[in-house]
Amino acid sequence: MSTISNSSGPVRAAKPSSGGVWAAAWRRLKTDRVGVVSMWIVGAFLVLVLLAATKLVAAGWQQEVGVPNAPPTLLGPQPQEDTGTIAVPKGPNVDLSDIDPLAPRYAEWAERAKAFKTEEAVKAETLPLGGDRLGRDVLAKVVKGAEVSIVVGLAAAVVATLIGTVLGAFSGFFGGKVGDLLEWVYNVFTAIPSILLIFAFAAIFPRGVGAVVAILALTGWTGIYRLIRAEFIKHRVREYVRSAEAIGASQWSRMFKHILPNVSHVALVQLSLHVVSFIKSEVILSYLGLGVGVDQVSWGTMLAEAQNELILGYWWQLAAVTAFMAVFVTAFALFTDALRDALDPKLRGLE
């Protein structure tokens, strides 16, 4: 702290405040151009998901607004096939009154039928990103599918992070019999290959978004648990925790008020990594028919539909869902790397 002299005496100049760990991490993140661009892309997707959830966009994804397999607008409409025309014989209509007693009533019945006739809406020959085999807009489907897949990935990652963080904190802080019990549970879950464990839970749980979130959370907490447990073992013997114990801080206070804020960067980075992993897992489950219900759409169900359409030469649904998924997953992965660099104390020179 420096001093400045004036006529009334020396005045101490205030030392600029660093703003804390999160402010320092934000300043470091802003210097990473790739991370900032990726953050904006991820934010745009999240806004799109919010609009789809509130039915402001993609609300009519189930409506058949175009002809079956309507091509993208840039390609133009499909060429019409000449199916041939049937020549209508010319001449006056034959009077069937003598041989058909109901012939005089045909005109009356035709007039009555007009009152119940429904006009079929004109279907578009092209759509912005094309249509599927039923004529549904691929753009609306891929936006609605983004809502389901991203929400599943985020929700499952949050639940898995909470489970892994709480169990890891208890195991690392208390140790002893509590640690042994939690280690046994951890070893049981990690002894089975994760893909087989996911399929086993998928065979038990009913199909739906909630079931997929539960399946991924129950099978994805182990990695977070291992890292958080190691961090709590390391921090529980440090000076600031010993000092808190000396002044009478309770075990809960030391765990969640002193240690947890100092290891939160580990949980946050793992949360970000698991979002990408769980989105891929949801896509695989839905592709295999073990994910969301038949009345819902996700990127996985769209890939399953596009598989059959691609054989017939209709590639636009596959291209749309692949592009959307690739952009989001890549942007989220790059944002996660930038966030890890900004939050890691070793990279900030604090350890």
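With a relative accessibility of 16%, Ala58 counts as buried, where buried denotes under 20% relative accessible area, exposed over 50%, and partly exposed the range in between (1.4 Å probe, protein chains only). The model is predicted: local features require a pLDDT of at least 70 and side-chain atom pairs a pLDDT of 80 or more, whereas totals for chains, interfaces and linings use all residues. Residues are numbered from 1 along each chain as its sequence is written, and side-chain values rest on heavy atoms, with hydrogens and water left out.

Ala58 is located in the loop between H2 and H3 and adopts a positive phi of about 60° although it is not a glycine. The loop between helix H2 (33-53) and helix H3 (106-114) also contains Lys55, whose phi is near 65°, likewise a positive value in a residue other than glycine. Lys55 counts as exposed, at 62% relative accessibility.

The chain comprises 12 helices and 2 strands, these being DSSP runs numbered from the N terminus (helices H or I, at least four residues; strands E, at least two). Along the sequence, the pattern is β-β-α-α-α-α-α-α-α-α-α-α-α-α. Of the 351 residues, 37% count as buried. Contacts are defined by heavy atoms within 4.5 Å; among those between residues at least 6 apart in sequence, 75% join residues at least 24 apart.

Leu339 counts as buried, at 13% relative accessibility. Apart from neighbours within four places in sequence, Leu339 is in contact with Leu29, Leu268 and Ser272. The C-alpha atoms of Leu339 and Ala25 are separated by 8.1 Å, although the two residues are 314 apart along the chain.

The unreviewed UniProt entry carries the annotation "transmembrane region" for residues 34-53, 148-172, 184-205, 211-228 and 314-336; UniProt positions follow the numbering used here, feature names are shortened, and annotations may be inferred rather than shown by experiment. In the model, residues 211-228 are 94% helix and 0% strand, with end C-alpha atoms 26 Å apart.

The chain exposes about 20,900 Å², of which carbon and sulfur atoms supply 63%; accessible areas were computed by the Shrake-Rupley method with a 1.4 Å probe, and for residues only the protein chains shown count as cover. Ile284, Tyr287, Leu288 and Leu290 make a nonpolar surface patch of about 330 Å². Patches comprise residues with over 30% relative accessible area and no salt bridge, like charges being joined within 9 Å and nonpolar side chains (Val, Leu, Ile, Met, Phe, Trp, Tyr) within 5 Å. Leu288 occupies the loop between helix H10 (251-287) and helix H11 (299-311), and is partly exposed at 47% relative accessible area.

The structure holds 10 salt bridges, each defined by a side-chain nitrogen of Lys or Arg within 4 Å of a carboxyl oxygen of Asp or Glu. Arg136 pairs with Asp132, the closest N and O atoms lying 2.7 Å apart, and both residues are buried. Asp132 also forms a salt bridge with Lys141 (3.1 Å, N to O); Lys141 is buried as well. A further salt bridge joins Arg242 and Glu245 (3.4 Å, N to O). These residues lie 3 apart in helix H9 (residues 239-246), about one turn of the helix. Arg242 is partly exposed at 45%, as is Glu245 at 37%. Through shared partners, salt bridges join Asp132, Arg136, Lys141 and Glu305 into one network.
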